[in-house]
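User: I am new to this structure and would like to learn how to read it step by step. Could you take me through it?

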Amino acid sequence: MKLTSKYEMIQHILTELKQPAYRFEQIAEAIFKQRIGEYDRMTILPKGLRNELIMRLGEHVLNLTPVIQKTSRQVNKVLFAIEGGEHVEAVQLSYERGWKSYCISSQCGCGYGCSFCATGTIGLKRNLTADEITDQLLYFHLNGDALDSVSFMGMGEALANPNIFDTLKILTDSRTFGLGHRRITVSTIGILPNIDRLTKEFPQVNLTFSLHSPFDEQRSELMPINNRFPLHDVLNRLDQHIHDAGRKVYIAYILLRGKNDSNEHAEAIAALLKDRGPWEHLYHVNLIPYNSTDVTPESFHQSDNDRVQRFVSILKSKGIKVTVRTQFGTDINAACGQLYGHNK
Ligand code: SF4
């Protein structure tokens, strides 16, 4: 039997030791309600069981090691060491009203090579396990932070990692993280087979599609995945997702000065999202200011404010719902497309 996470492993150990069924609830409560991070401190458990858990799983519930933490006003970025000497990053965003949102990594590096993205420059090292993904959140939880919403917009393409589905199961399990499906956002460049799987297994989880150009040829240049899963095929599948799930789909669009921020681009996006069917009002465009890093090409720059406003007004005039995403974290390279596991 393949055990996909430490939570399954704990259940397996309990069964092997013929422990009563309530033991798992006791352990889950210790971790998720009392925020106890060491098995030995779970004094509600018999000493022998605690020792067995320590022997099989180690002393600490958390298996990631935080290496560096960088904080700016509303952003807290943590670099974690993972097995194999690699690193991944997670970002905590604190909103004014006390809401805490997290941007976590699903892969170490990424193999898709989008030309504007820092993570893409390091290639794919490996998929993260469900434990390595959920531990990024467990770290903050054990530190006493609330987990209000989570997006898979850190390093990697979430839907390219099959472990994402076990991850979603753990995050939404009421005995463990207990996150509402609607508080989770999966972002994808358009990995078709796993969009289908997400629609079937987690229809209520928010889905964001990274478009970045409405023109096939340009999108293929910016995002080579477009050759394999062309944007028109992805949009047809997203129609199906909206139809089946009855949920909004977000279209993420990074504005790159002089590259994809022209009036023609705005008009073409509107044309793509209109006349799709009675569900078309459930598409929502999120415009994202571009963030440069030391490793992304110098030819990419952030669009001027006037251009952004013009882009917004064209989309709005065509009846497209649009928001410009607030930017924070750029000073510590914690914004979108800036995570690449370096101590920068
Ligand atoms: S934008 Fe996403 S899919 Fe593209 S290279 Fe970066 S991390 Fe990978």
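Analyst: We will go through the domains, then the strands, then the ligand shell. Please keep in mind that this is a predicted model.

User: Into which domains is the chain divided?

Analyst: The chain is divided into domain 1, which covers 6–57, and domain 2, which covers 65–332. Taken over C-alpha atoms, the centres of domain 1 and domain 2 are separated by 35 Å.

User: How many residues does the contact take from domain 1 and from domain 2?

Analyst: The size of an interface is often given as the accessible area lost when the parts come together. Here we can look at residues instead: the contact takes seven residues from domain 1 and eight residues from domain 2. On the side of domain 1 that touches domain 2, the elements that give two or more residues are α1 (6–16) and α2 (22–32), and α2 gives the most, with three residues. By class, that side of domain 1 has three nonpolar, one polar and three charged residues.

User: In which sense do β4 and β7 pair?

Analyst: In a regular strand the side chains alternate between the two faces of the sheet. In this case, β4 (residues 100–103) and β7 (residues 149–152) pair in the parallel sense over three bridges, with C103 opposite S151 in β7. β7 also pairs in the parallel sense with β8 (residues 184–188) over three bridges, where F152 has V186 in β8 as its bridge partner. Together with helix α5 (residues 164–172), β7 and β8 make a right-handed β-α-β unit.

User: Which residues are around the ligand?

Analyst: They are C110, Y112, G113, C114, C117, T119, G120, G156, E157 and I189, and this shell divides into five nonpolar, four polar and one charged.

How values were computed:
Residues numbered from 1 in each chain as written. Predicted model: local features only at pLDDT ≥ 70, side-chain atom pairs only at ≥ 80, totals over all residues. Near = placed C-beta within 6 Å. Nonpolar A, V, L, I, M, F, W, Y, C, P; charged D, E, K, R; others polar. Domains from an automatic or database assignment. Contact = placed C-beta atoms within 7 Å. Helix = DSSP H or I, 4+ residues; strand = E, 2+ residues; numbered from the N terminus. Pairing = 2+ DSSP bridges. Right-handed = clockwise from strand over helix to strand, strands pointing away.
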